[in-house]
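Welcome! Take a moment to look over the chain and its ligand, and then we will walk through them together.

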Amino acid sequence: MNTDLRLSLQDITREFPGVKALDAVSLDLYRGEVLALCGENGAGKSTLMNVLSGNLQPDKGHILLNGRQINITHPQQAFEHGIAIVYQHLSLIESLSIAENIYANQQPCNKAGFIDFKKLISNTAGLLKRLRIDLDPKVPVGRLSAAQKQMVEIAKALVKEPQIMILDEPTASLTERETAILFDIIAGLKAKGVSVIYISHRLDEIFSIADRVAVLKDGKMQGAFTRSELSRNQLIKLMVGREIRQIERQSFISKDVLLETVHLTGKGFTDIGFKLHGGEILGFAGLAGAGRTELARAIFGADEKKGVVRLKGTEVNISHPLGAIKHGIAYVPEDRKQLGLFLDMSVTDNIGCLLSCANNAWTFNRDEATKTAKKFIEKLHIVPANEKRKVLNLSGGNQQKVVLSKWLNTNPEIFIVDEPTHGIDVGAKFEIYSILASLAQEGKGVMIISSDIPELLGVCDRIIVLREGVIAGELLAGDASEEKILALAT
Ligand SMILES: Nc1ncnc2c1ncn2[C@@H]1O[C@H](COP(=O)(O)OP(=O)(O)OP(=O)(O)O)[C@@H](O)[C@H]1O
Ligand SMILES: [Mg+2]
(Lines give C-alpha, C1' and ligand atoms only; values in the text may rest on other atoms or scores of the structure.)
(Ligands and ions follow the chains in the order given, each with its own letter.)
Protein backbone atom coordinates (compact mmCIF):
# COMPACT_ATOMS: atom_id res chain seq x y z
CA MET A 1 0.00 0.00 0.00
CA ASN A 2 1.29 3.40 -0.96
CA THR A 3 1.50 5.47 2.22
CA ASP A 4 2.96 8.61 0.74
CA LEU A 5 -0.09 10.85 1.05
CA ARG A 6 0.12 13.90 -1.16
CA LEU A 7 -3.31 15.46 -1.23
CA SER A 8 -6.28 15.21 1.02
CA LEU A 9 -9.70 16.64 0.25
CA GLN A 10 -11.78 16.81 3.41
CA ASP A 11 -15.55 17.23 3.64
CA ILE A 12 -15.79 19.34 0.50
CA THR A 13 -19.31 20.66 0.00
CA ARG A 14 -20.51 22.81 -2.86
CA GLU A 15 -24.06 23.76 -3.71
CA PHE A 16 -25.52 25.33 -6.81
CA PRO A 17 -29.05 26.69 -6.82
CA GLY A 18 -31.19 23.61 -6.41
CA VAL A 19 -28.34 21.03 -6.51
CA LYS A 20 -25.88 19.85 -3.90
CA ALA A 21 -23.15 19.06 -6.41
CA LEU A 22 -20.73 17.94 -3.68
CA ASP A 23 -21.88 16.70 -0.31
CA ALA A 24 -19.06 16.42 2.26
CA VAL A 25 -16.71 14.67 -0.14
CA SER A 26 -13.41 13.36 1.20
CA LEU A 27 -10.70 11.89 -0.98
CA ASP A 28 -7.00 11.08 -0.57
CA LEU A 29 -4.43 11.04 -3.33
CA TYR A 30 -1.04 9.36 -2.99
CA ARG A 31 2.27 10.07 -4.63
CA GLY A 32 2.75 8.36 -7.99
CA GLU A 33 -0.71 6.84 -8.27
CA VAL A 34 -3.37 7.00 -10.92
CA LEU A 35 -6.71 7.51 -9.22
CA ALA A 36 -9.74 7.13 -11.46
CA LEU A 37 -12.73 9.24 -10.51
CA CYS A 38 -15.97 7.68 -11.71
CA GLY A 39 -19.63 8.51 -11.55
CA GLU A 40 -22.68 9.15 -13.66
CA ASN A 41 -23.26 12.36 -15.58
CA GLY A 42 -23.85 15.05 -13.03
CA ALA A 43 -22.35 13.07 -10.13
CA GLY A 44 -20.01 15.96 -9.26
CA LYS A 45 -16.68 14.88 -10.75
CA SER A 46 -15.91 18.06 -12.67
CA THR A 47 -17.16 20.18 -9.79
CA LEU A 48 -14.71 18.47 -7.43
CA MET A 49 -11.88 19.01 -9.88
CA ASN A 50 -12.88 22.63 -10.32
CA VAL A 51 -12.55 23.08 -6.57
CA LEU A 52 -9.09 21.58 -6.73
CA SER A 53 -8.04 23.69 -9.68
CA GLY A 54 -9.21 26.96 -8.18
CA ASN A 55 -12.11 27.56 -10.55
CA LEU A 56 -14.73 27.08 -7.86
CA GLN A 57 -14.71 27.75 -4.15
CA PRO A 58 -16.14 25.09 -1.84
CA ASP A 59 -18.87 26.16 0.58
CA LYS A 60 -17.25 23.98 3.23
CA GLY A 61 -14.26 21.71 3.63
CA HIS A 62 -10.46 21.75 3.51
CA ILE A 63 -7.69 20.86 1.13
CA LEU A 64 -4.39 19.55 2.50
CA LEU A 65 -1.35 19.39 0.26
CA ASN A 66 1.61 17.46 1.67
CA GLY A 67 -0.01 17.71 5.11
CA ARG A 68 -0.51 21.49 5.03
CA GLN A 69 -3.84 23.18 4.59
CA ILE A 70 -3.96 25.31 1.48
CA ASN A 71 -6.46 27.68 -0.09
CA ILE A 72 -6.92 27.61 -3.82
CA THR A 73 -8.83 30.71 -4.74
CA HIS A 74 -7.63 31.07 -8.31
CA PRO A 75 -6.43 28.73 -11.10
CA GLN A 76 -3.04 30.43 -11.02
CA GLN A 77 -2.70 29.44 -7.38
CA ALA A 78 -3.43 25.80 -8.18
CA PHE A 79 -0.79 26.00 -10.84
CA GLU A 80 1.74 27.35 -8.36
CA HIS A 81 0.94 24.45 -6.05
CA GLY A 82 1.83 22.11 -8.91
CA ILE A 83 -1.75 21.19 -9.75
CA ALA A 84 -2.51 21.07 -13.47
CA ILE A 85 -5.84 20.33 -15.08
CA VAL A 86 -6.94 19.22 -18.52
CA TYR A 87 -10.53 20.39 -18.69
CA GLN A 88 -13.43 18.33 -19.92
CA HIS A 89 -14.28 21.13 -22.31
CA LEU A 90 -11.38 22.59 -24.15
CA SER A 91 -10.12 25.90 -22.89
CA LEU A 92 -8.04 26.85 -25.90
CA ILE A 93 -8.30 30.09 -27.84
CA GLU A 94 -8.97 29.24 -31.46
CA SER A 95 -7.38 32.30 -33.04
CA LEU A 96 -4.07 31.87 -31.24
CA SER A 97 -1.31 29.51 -32.31
CA ILE A 98 -0.54 26.22 -30.60
CA ALA A 99 2.54 27.78 -28.98
CA GLU A 100 0.63 30.83 -27.73
CA ASN A 101 -2.06 28.62 -26.27
CA ILE A 102 0.34 26.27 -24.55
CA TYR A 103 2.32 29.10 -23.00
CA ALA A 104 -0.61 31.43 -22.30
CA ASN A 105 0.29 33.58 -19.28
CA GLN A 106 3.74 32.04 -18.95
CA GLN A 107 5.52 32.96 -22.14
CA PRO A 108 9.29 32.78 -22.03
CA CYS A 109 10.70 36.33 -21.92
CA ASN A 110 14.04 37.80 -22.86
CA LYS A 111 16.13 40.01 -20.61
CA ALA A 112 14.29 43.14 -21.65
CA GLY A 113 11.01 41.55 -20.57
CA PHE A 114 9.63 41.01 -24.05
CA ILE A 115 8.18 37.68 -25.12
CA ASP A 116 10.93 35.56 -26.61
CA PHE A 117 9.07 34.21 -29.65
CA LYS A 118 11.97 32.09 -30.83
CA LYS A 119 12.09 30.32 -27.50
CA LEU A 120 8.30 30.07 -27.40
CA ILE A 121 8.32 28.22 -30.69
CA SER A 122 11.31 26.01 -29.91
CA ASN A 123 10.01 25.09 -26.43
CA THR A 124 6.66 24.22 -27.93
CA ALA A 125 8.26 22.18 -30.69
CA GLY A 126 10.20 20.22 -28.03
CA LEU A 127 7.09 19.58 -25.99
CA LEU A 128 5.06 18.49 -29.02
CA LYS A 129 7.84 16.15 -30.04
CA ARG A 130 7.92 14.59 -26.58
CA LEU A 131 4.21 13.99 -26.91
CA ARG A 132 4.64 12.64 -30.44
CA ILE A 133 2.33 15.32 -31.83
CA ASP A 134 3.29 16.10 -35.37
CA LEU A 135 2.14 19.72 -35.61
CA ASP A 136 3.65 23.09 -36.34
CA PRO A 137 3.70 25.25 -33.18
CA LYS A 138 2.67 28.28 -35.25
CA VAL A 139 -0.63 26.82 -36.53
CA PRO A 140 -3.75 28.48 -35.11
CA VAL A 141 -5.64 26.11 -32.84
CA GLY A 142 -8.85 26.80 -34.75
CA ARG A 143 -7.50 24.76 -37.64
CA LEU A 144 -6.97 21.60 -35.60
CA SER A 145 -9.23 18.57 -35.30
CA ALA A 146 -10.90 17.79 -31.99
CA ALA A 147 -8.27 15.14 -31.22
CA GLN A 148 -5.40 17.48 -32.02
CA LYS A 149 -6.90 20.20 -29.84
CA GLN A 150 -7.17 17.73 -27.01
CA MET A 151 -3.50 16.80 -27.34
CA VAL A 152 -2.55 20.49 -27.29
CA GLU A 153 -4.62 20.88 -24.14
CA ILE A 154 -2.66 18.03 -22.57
CA ALA A 155 0.63 19.58 -23.64
CA LYS A 156 -0.46 22.83 -22.02
CA ALA A 157 -1.02 21.10 -18.69
CA LEU A 158 2.41 19.49 -18.83
CA VAL A 159 4.38 22.70 -19.39
CA LYS A 160 5.16 23.31 -15.74
CA GLU A 161 5.91 19.68 -14.74
CA PRO A 162 2.97 19.37 -12.34
CA GLN A 163 2.94 17.30 -9.15
CA ILE A 164 -0.74 16.58 -9.52
CA MET A 165 -2.28 16.16 -12.93
CA ILE A 166 -6.04 16.12 -13.37
CA LEU A 167 -7.46 14.77 -16.61
CA ASP A 168 -11.21 15.28 -17.02
CA GLU A 169 -12.38 12.98 -19.84
CA PRO A 170 -9.19 13.39 -21.83
CA THR A 171 -9.88 10.62 -24.32
CA ALA A 172 -13.42 11.61 -25.27
CA SER A 173 -12.21 12.96 -28.61
CA LEU A 174 -9.04 10.92 -29.00
CA THR A 175 -8.60 7.94 -31.26
CA GLU A 176 -6.83 4.73 -30.30
CA ARG A 177 -3.43 6.01 -31.38
CA GLU A 178 -3.57 9.20 -29.36
CA THR A 179 -5.08 7.35 -26.43
CA ALA A 180 -2.09 5.00 -26.47
CA ILE A 181 0.27 8.00 -26.51
CA LEU A 182 -1.61 9.54 -23.60
CA PHE A 183 -1.35 6.33 -21.58
CA ASP A 184 2.41 6.29 -22.18
CA ILE A 185 2.59 9.87 -20.96
CA ILE A 186 0.61 8.95 -17.86
CA ALA A 187 2.89 5.98 -17.18
CA GLY A 188 5.88 8.32 -17.48
CA LEU A 189 4.34 10.84 -15.08
CA LYS A 190 3.56 8.09 -12.59
CA ALA A 191 7.13 6.82 -12.71
CA LYS A 192 8.29 10.34 -11.83
CA GLY A 193 6.03 10.36 -8.78
CA VAL A 194 3.33 12.58 -10.25
CA SER A 195 -0.16 11.82 -8.96
CA VAL A 196 -2.85 11.60 -11.60
CA ILE A 197 -6.60 11.97 -11.19
CA TYR A 198 -8.25 10.45 -14.21
CA ILE A 199 -11.92 10.98 -15.04
CA SER A 200 -13.46 8.77 -17.69
CA HIS A 201 -16.67 7.03 -18.63
CA ARG A 202 -14.74 4.36 -20.48
CA LEU A 203 -14.50 1.45 -18.13
CA ASP A 204 -11.85 -0.35 -20.20
CA GLU A 205 -9.54 2.60 -19.75
CA ILE A 206 -10.15 2.75 -16.04
CA PHE A 207 -9.35 -0.89 -15.58
CA SER A 208 -6.23 -0.60 -17.68
CA ILE A 209 -4.56 2.41 -16.05
CA ALA A 210 -5.99 3.12 -12.61
CA ASP A 211 -4.39 1.99 -9.35
CA ARG A 212 -7.46 2.97 -7.38
CA VAL A 213 -11.00 3.92 -8.32
CA ALA A 214 -13.10 6.46 -6.43
CA VAL A 215 -16.82 6.67 -7.11
CA LEU A 216 -19.08 9.68 -6.72
CA LYS A 217 -22.83 9.35 -6.80
CA ASP A 218 -25.21 12.31 -6.50
CA GLY A 219 -22.42 14.40 -4.98
CA LYS A 220 -21.53 11.82 -2.34
CA MET A 221 -18.35 9.79 -2.16
CA GLN A 222 -19.11 6.08 -2.37
CA GLY A 223 -15.54 5.11 -1.52
CA ALA A 224 -12.16 4.56 -3.12
CA PHE A 225 -11.23 1.00 -4.05
CA THR A 226 -8.07 -0.73 -5.14
CA ARG A 227 -8.64 -1.62 -8.75
CA SER A 228 -7.83 -5.28 -8.29
CA GLU A 229 -10.53 -5.55 -5.65
CA LEU A 230 -13.22 -4.13 -7.89
CA SER A 231 -15.07 -5.87 -10.70
CA ARG A 232 -16.64 -4.11 -13.65
CA ASN A 233 -20.12 -4.95 -12.48
CA GLN A 234 -19.41 -3.76 -8.96
CA LEU A 235 -18.17 -0.47 -10.35
CA ILE A 236 -21.26 -0.02 -12.52
CA LYS A 237 -23.47 -0.78 -9.58
CA LEU A 238 -21.66 1.75 -7.40
CA MET A 239 -22.08 4.44 -10.06
CA VAL A 240 -25.56 3.73 -11.28
CA GLY A 241 -27.08 2.07 -8.24
CA ARG A 242 -28.64 -0.65 -10.40
CA GLU A 243 -27.64 -3.32 -12.89
CA ILE A 244 -27.46 -2.20 -16.51
CA ARG A 245 -29.66 -4.00 -18.94
CA GLN A 246 -27.80 -4.81 -22.13
CA ILE A 247 -29.67 -4.35 -25.38
CA GLU A 248 -30.26 -7.37 -27.55
CA ARG A 249 -29.13 -6.59 -31.09
CA GLN A 250 -31.84 -7.27 -33.57
CA SER A 251 -31.77 -6.41 -37.22
CA PHE A 252 -34.51 -4.32 -38.81
CA ILE A 253 -32.91 -3.76 -42.21
CA SER A 254 -35.35 -3.40 -45.10
CA LYS A 255 -34.72 -3.43 -48.84
CA ASP A 256 -35.49 0.29 -49.21
CA VAL A 257 -32.46 2.42 -49.82
CA LEU A 258 -32.91 5.67 -47.89
CA LEU A 259 -29.64 7.27 -48.81
CA GLU A 260 -27.16 6.56 -51.53
CA THR A 261 -23.96 8.35 -52.43
CA VAL A 262 -22.17 7.92 -55.75
CA HIS A 263 -18.60 9.11 -56.32
CA LEU A 264 -18.97 11.61 -53.53
CA THR A 265 -15.87 13.73 -53.19
CA GLY A 266 -15.12 16.68 -50.96
CA LYS A 267 -12.51 18.11 -48.65
CA GLY A 268 -11.06 15.14 -46.77
CA PHE A 269 -12.79 12.30 -48.66
CA THR A 270 -12.75 10.92 -52.19
CA ASP A 271 -15.07 8.85 -54.31
CA ILE A 272 -17.32 7.59 -51.54
CA GLY A 273 -20.14 5.30 -52.60
CA PHE A 274 -22.42 3.59 -50.12
CA LYS A 275 -26.06 2.83 -49.44
CA LEU A 276 -27.97 3.24 -46.21
CA HIS A 277 -31.08 1.10 -45.92
CA GLY A 278 -34.22 1.70 -43.93
CA GLY A 279 -33.88 0.12 -40.49
CA GLU A 280 -30.13 -0.04 -40.78
CA ILE A 281 -27.53 1.13 -38.29
CA LEU A 282 -24.43 1.76 -40.35
CA GLY A 283 -21.15 2.44 -38.55
CA PHE A 284 -18.22 4.48 -39.79
CA ALA A 285 -14.87 3.53 -38.31
CA GLY A 286 -11.48 5.06 -38.96
CA LEU A 287 -8.66 7.00 -37.39
CA ALA A 288 -8.70 10.74 -36.81
CA GLY A 289 -8.42 12.45 -40.15
CA ALA A 290 -9.92 9.52 -42.06
CA GLY A 291 -12.64 11.82 -43.39
CA ARG A 292 -15.67 10.53 -41.49
CA THR A 293 -16.81 13.85 -40.03
CA GLU A 294 -16.11 15.62 -43.31
CA LEU A 295 -18.25 13.08 -45.17
CA ALA A 296 -21.12 13.50 -42.72
CA ARG A 297 -20.91 17.27 -42.89
CA ALA A 298 -20.98 17.20 -46.68
CA ILE A 299 -24.04 14.94 -46.80
CA PHE A 300 -25.67 17.32 -44.33
CA GLY A 301 -24.97 20.25 -46.64
CA ALA A 302 -22.55 21.93 -44.27
CA ASP A 303 -19.57 21.64 -46.64
CA GLU A 304 -19.15 21.57 -50.40
CA LYS A 305 -19.01 18.33 -52.33
CA LYS A 306 -19.10 16.82 -55.81
CA GLY A 307 -20.91 13.67 -56.82
CA VAL A 308 -24.41 12.37 -56.35
CA VAL A 309 -26.58 12.02 -53.27
CA ARG A 310 -29.90 10.20 -53.64
CA LEU A 311 -32.65 10.06 -51.09
CA LYS A 312 -35.04 7.15 -51.68
CA GLY A 313 -33.79 6.95 -55.23
CA THR A 314 -34.22 10.63 -56.09
CA GLU A 315 -31.18 12.77 -56.66
CA VAL A 316 -31.08 15.76 -54.32
CA ASN A 317 -28.90 18.78 -54.14
CA ILE A 318 -28.46 19.71 -50.49
CA SER A 319 -26.21 22.70 -50.20
CA HIS A 320 -27.21 23.92 -46.76
CA PRO A 321 -28.04 22.23 -43.42
CA LEU A 322 -31.52 23.74 -43.55
CA GLY A 323 -32.14 21.82 -46.75
CA ALA A 324 -30.92 18.64 -45.08
CA ILE A 325 -33.27 19.16 -42.13
CA LYS A 326 -36.19 19.65 -44.51
CA HIS A 327 -35.24 16.39 -46.24
CA GLY A 328 -35.40 14.63 -42.89
CA ILE A 329 -31.68 14.40 -42.23
CA ALA A 330 -30.32 15.14 -38.78
CA TYR A 331 -26.64 15.47 -37.91
CA VAL A 332 -25.44 15.45 -34.33
CA PRO A 333 -21.95 16.94 -34.51
CA GLU A 334 -18.87 15.82 -32.69
CA ASP A 335 -18.02 19.23 -31.29
CA ARG A 336 -21.18 19.92 -29.35
CA LYS A 337 -19.97 22.97 -27.51
CA GLN A 338 -19.26 24.85 -30.73
CA LEU A 339 -21.78 23.39 -33.09
CA GLY A 340 -24.48 21.82 -31.08
CA LEU A 341 -25.79 24.06 -28.33
CA PHE A 342 -26.87 27.53 -27.33
CA LEU A 343 -25.16 27.38 -23.95
CA ASP A 344 -26.83 30.46 -22.60
CA MET A 345 -30.31 29.22 -23.36
CA SER A 346 -32.56 26.80 -21.51
CA VAL A 347 -32.98 23.10 -22.10
CA THR A 348 -36.41 23.78 -23.58
CA ASP A 349 -35.13 26.38 -26.04
CA ASN A 350 -32.28 24.15 -27.13
CA ILE A 351 -34.43 21.08 -27.67
CA GLY A 352 -37.15 23.07 -29.42
CA CYS A 353 -35.00 25.32 -31.55
CA LEU A 354 -34.96 23.23 -34.72
CA LEU A 355 -38.57 22.23 -34.80
CA SER A 356 -39.74 25.35 -36.59
CA CYS A 357 -37.18 24.79 -39.37
CA ALA A 358 -38.13 21.16 -39.72
CA ASN A 359 -41.85 21.97 -39.95
CA ASN A 360 -41.56 25.15 -41.96
CA ALA A 361 -43.35 26.91 -39.12
CA TRP A 362 -42.97 30.56 -38.36
CA THR A 363 -43.70 30.43 -34.68
CA PHE A 364 -42.25 28.83 -31.59
CA ASN A 365 -44.92 27.21 -29.48
CA ARG A 366 -43.59 27.47 -25.94
CA ASP A 367 -46.11 25.15 -24.29
CA GLU A 368 -45.42 22.53 -26.89
CA ALA A 369 -41.66 23.02 -26.50
CA THR A 370 -41.88 22.69 -22.72
CA LYS A 371 -43.87 19.49 -23.05
CA THR A 372 -41.35 18.08 -25.51
CA ALA A 373 -38.41 19.06 -23.32
CA LYS A 374 -40.02 17.29 -20.38
CA LYS A 375 -40.52 14.19 -22.51
CA PHE A 376 -36.84 14.06 -23.48
CA ILE A 377 -35.69 14.82 -19.95
CA GLU A 378 -37.55 11.73 -18.86
CA LYS A 379 -36.62 9.57 -21.82
CA LEU A 380 -32.88 10.28 -21.66
CA HIS A 381 -32.71 10.84 -17.89
CA ILE A 382 -31.40 14.37 -18.20
CA VAL A 383 -30.47 15.65 -14.73
CA PRO A 384 -31.39 17.87 -13.07
CA ALA A 385 -34.87 17.29 -14.47
CA ASN A 386 -35.52 20.98 -14.97
CA GLU A 387 -36.31 22.15 -18.48
CA LYS A 388 -35.73 25.79 -17.56
CA ARG A 389 -32.09 25.30 -16.61
CA LYS A 390 -29.45 26.94 -18.77
CA VAL A 391 -27.52 24.34 -20.73
CA LEU A 392 -24.27 26.00 -19.63
CA ASN A 393 -24.92 24.78 -16.09
CA LEU A 394 -25.47 21.16 -17.00
CA SER A 395 -22.75 18.55 -16.64
CA GLY A 396 -20.95 17.52 -19.84
CA GLY A 397 -22.87 14.30 -20.36
CA ASN A 398 -26.20 15.97 -19.81
CA GLN A 399 -25.34 18.61 -22.40
CA GLN A 400 -24.75 15.80 -24.88
CA LYS A 401 -28.19 14.39 -24.10
CA VAL A 402 -29.72 17.80 -24.86
CA VAL A 403 -28.01 17.86 -28.27
CA LEU A 404 -29.34 14.41 -29.07
CA SER A 405 -32.84 15.42 -27.96
CA LYS A 406 -32.80 18.48 -30.15
CA TRP A 407 -32.10 16.41 -33.25
CA LEU A 408 -34.39 13.54 -32.33
CA ASN A 409 -37.10 16.13 -31.97
CA THR A 410 -36.92 16.91 -35.70
CA ASN A 411 -38.15 13.35 -36.23
CA PRO A 412 -35.53 12.58 -38.85
CA GLU A 413 -35.66 9.85 -41.46
CA ILE A 414 -31.86 9.68 -41.53
CA PHE A 415 -30.06 10.20 -38.24
CA ILE A 416 -26.33 10.85 -38.48
CA VAL A 417 -24.50 10.88 -35.17
CA ASP A 418 -20.86 11.80 -34.76
CA GLU A 419 -19.35 10.35 -31.58
CA PRO A 420 -22.74 10.33 -29.84
CA THR A 421 -21.59 8.88 -26.54
CA HIS A 422 -18.63 11.14 -25.86
CA GLY A 423 -18.69 11.88 -22.20
CA ILE A 424 -21.84 9.88 -21.62
CA ASP A 425 -22.06 7.60 -18.59
CA VAL A 426 -22.61 3.85 -18.85
CA GLY A 427 -26.28 3.97 -18.02
CA ALA A 428 -27.05 6.73 -20.49
CA LYS A 429 -24.94 5.05 -23.19
CA PHE A 430 -27.31 2.12 -23.16
CA GLU A 431 -30.24 4.51 -23.28
CA ILE A 432 -28.73 6.08 -26.40
CA TYR A 433 -28.08 2.69 -27.99
CA SER A 434 -31.65 1.70 -27.39
CA ILE A 435 -32.85 4.98 -28.92
CA LEU A 436 -30.79 4.25 -32.05
CA ALA A 437 -32.19 0.72 -32.11
CA SER A 438 -35.74 1.99 -31.86
CA LEU A 439 -35.15 4.46 -34.70
CA ALA A 440 -34.00 1.49 -36.76
CA GLN A 441 -37.04 -0.47 -35.69
CA GLU A 442 -39.22 2.38 -36.98
CA GLY A 443 -37.53 1.95 -40.36
CA LYS A 444 -35.25 4.96 -40.12
CA GLY A 445 -31.63 4.90 -41.18
CA VAL A 446 -28.84 5.59 -38.70
CA MET A 447 -25.24 6.46 -39.52
CA ILE A 448 -22.93 6.39 -36.53
CA ILE A 449 -19.38 7.66 -36.52
CA SER A 450 -17.45 6.48 -33.50
CA SER A 451 -13.87 6.02 -32.39
CA ASP A 452 -15.06 3.55 -29.81
CA ILE A 453 -14.79 0.32 -31.79
CA PRO A 454 -16.52 -1.92 -29.21
CA GLU A 455 -19.41 0.55 -29.41
CA LEU A 456 -19.64 0.15 -33.19
CA LEU A 457 -19.43 -3.62 -32.85
CA GLY A 458 -22.21 -3.53 -30.30
CA VAL A 459 -24.74 -1.41 -32.18
CA CYS A 460 -24.14 -1.60 -35.94
CA ASP A 461 -25.49 -3.89 -38.63
CA ARG A 462 -22.61 -3.02 -40.91
CA ILE A 463 -19.40 -1.04 -40.53
CA ILE A 464 -17.64 0.95 -43.24
CA VAL A 465 -14.00 1.68 -42.53
CA LEU A 466 -12.48 4.85 -43.96
CA ARG A 467 -8.77 5.40 -44.36
CA GLU A 468 -7.31 8.66 -45.56
CA GLY A 469 -10.57 9.72 -47.12
CA VAL A 470 -11.41 6.55 -49.02
CA ILE A 471 -13.41 3.45 -48.17
CA ALA A 472 -10.87 0.87 -47.02
CA GLY A 473 -13.44 -1.86 -46.52
CA GLU A 474 -16.79 -2.86 -45.23
CA LEU A 475 -17.72 -5.47 -42.63
CA LEU A 476 -20.99 -7.03 -41.62
CA ALA A 477 -21.70 -7.04 -37.89
CA GLY A 478 -21.32 -10.80 -37.64
CA ASP A 479 -17.88 -10.78 -39.32
CA ALA A 480 -16.44 -7.65 -37.79
CA SER A 481 -13.89 -7.61 -35.00
CA GLU A 482 -11.70 -4.98 -33.42
CA GLU A 483 -8.62 -6.45 -35.15
CA LYS A 484 -10.26 -6.49 -38.59
CA ILE A 485 -11.41 -2.88 -38.24
CA LEU A 486 -8.01 -1.69 -37.09
CA ALA A 487 -6.29 -3.59 -39.87
CA LEU A 488 -8.43 -1.75 -42.43
CA ALA A 489 -8.14 1.61 -40.68
CA THR A 490 -4.35 1.75 -40.42
N1 LIG B 1 -22.15 26.41 -12.73
C2 LIG B 1 -23.14 25.61 -12.35
N3 LIG B 1 -24.35 26.11 -12.01
C4 LIG B 1 -25.35 25.30 -11.62
N5 LIG B 1 -25.26 23.98 -11.52
C6 LIG B 1 -24.08 23.41 -11.83
C7 LIG B 1 -22.96 24.19 -12.27
N8 LIG B 1 -21.93 23.34 -12.52
C9 LIG B 1 -22.38 22.10 -12.25
N10 LIG B 1 -23.67 22.13 -11.83
C11 LIG B 1 -24.47 20.98 -11.41
O12 LIG B 1 -23.72 20.24 -10.47
C13 LIG B 1 -23.89 18.84 -10.66
C14 LIG B 1 -22.55 18.17 -10.85
O15 LIG B 1 -22.03 18.52 -12.12
P16 LIG B 1 -20.60 18.07 -12.64
O17 LIG B 1 -20.31 18.86 -13.85
O18 LIG B 1 -19.63 18.11 -11.52
O19 LIG B 1 -20.88 16.53 -13.04
P20 LIG B 1 -19.89 15.45 -13.65
O21 LIG B 1 -19.79 14.33 -12.65
O22 LIG B 1 -18.63 16.07 -14.07
O23 LIG B 1 -20.73 14.91 -14.89
P24 LIG B 1 -20.30 14.53 -16.42
O25 LIG B 1 -19.90 13.09 -16.39
O26 LIG B 1 -21.58 14.67 -17.17
O27 LIG B 1 -19.25 15.45 -16.86
C28 LIG B 1 -24.85 18.68 -11.83
O29 LIG B 1 -26.15 18.50 -11.33
C30 LIG B 1 -24.72 20.01 -12.55
O31 LIG B 1 -25.92 20.29 -13.24
MG1 LIG C 1 -17.79 16.46 -15.93
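This is a predicted model: local features need pLDDT of at least 70, side-chain atom pairs count only at pLDDT 80 or more; totals for chains, interfaces and linings use all residues.

## Sorting the residues

Residues are numbered from 1 along each chain as its sequence is written, while chains are lettered from A and ligands numbered from 1 in the order in which they are written.

## Around ligand 1

A residue is near a molecule if its C-beta atom, placed from the backbone, lies within 6 Å of it. There are 22 residues around ligand 1, and F16, N41, S46, S395 and G397 come nearest. Two or more residues of this shell come from each of β2 (19-30), α1 (45-52) and α15 (396-408); such helices (H or I, at least four residues) and strands (E, at least two) are DSSP runs, numbered from the N terminus.

By type, the shell around ligand 1 has 13 polar, seven nonpolar and two charged residues. Domain 1 (5-240) and domain 2 (257-489) each give at least three residues to it.

## Where the domains meet

The chain is divided into domain 1 (5-240) and domain 2 (257-489), with bounds from an automatic or database domain assignment. Their C-alpha centres are 29 Å apart. Domain 1 brings 22 residues to the contact and domain 2 brings 21 residues, where contact puts C-beta atoms, placed from the backbone, within 7 Å.

On the side of domain 1 that touches domain 2, α5 (146-158) and α8 (232-240) each supply at least two residues. Which gives the most? That is α8, with three residues. This side of domain 1 holds ten polar, nine nonpolar and three charged residues.

Definitions and conventions
Two residues are in contact if their C-beta atoms, placed from the backbone, lie within 7 Å. Ala, Val, Leu, Ile, Met, Phe, Trp, Tyr, Cys and Pro count as nonpolar, Asp, Glu, Lys and Arg as charged, and the others, Gly among them, as polar.
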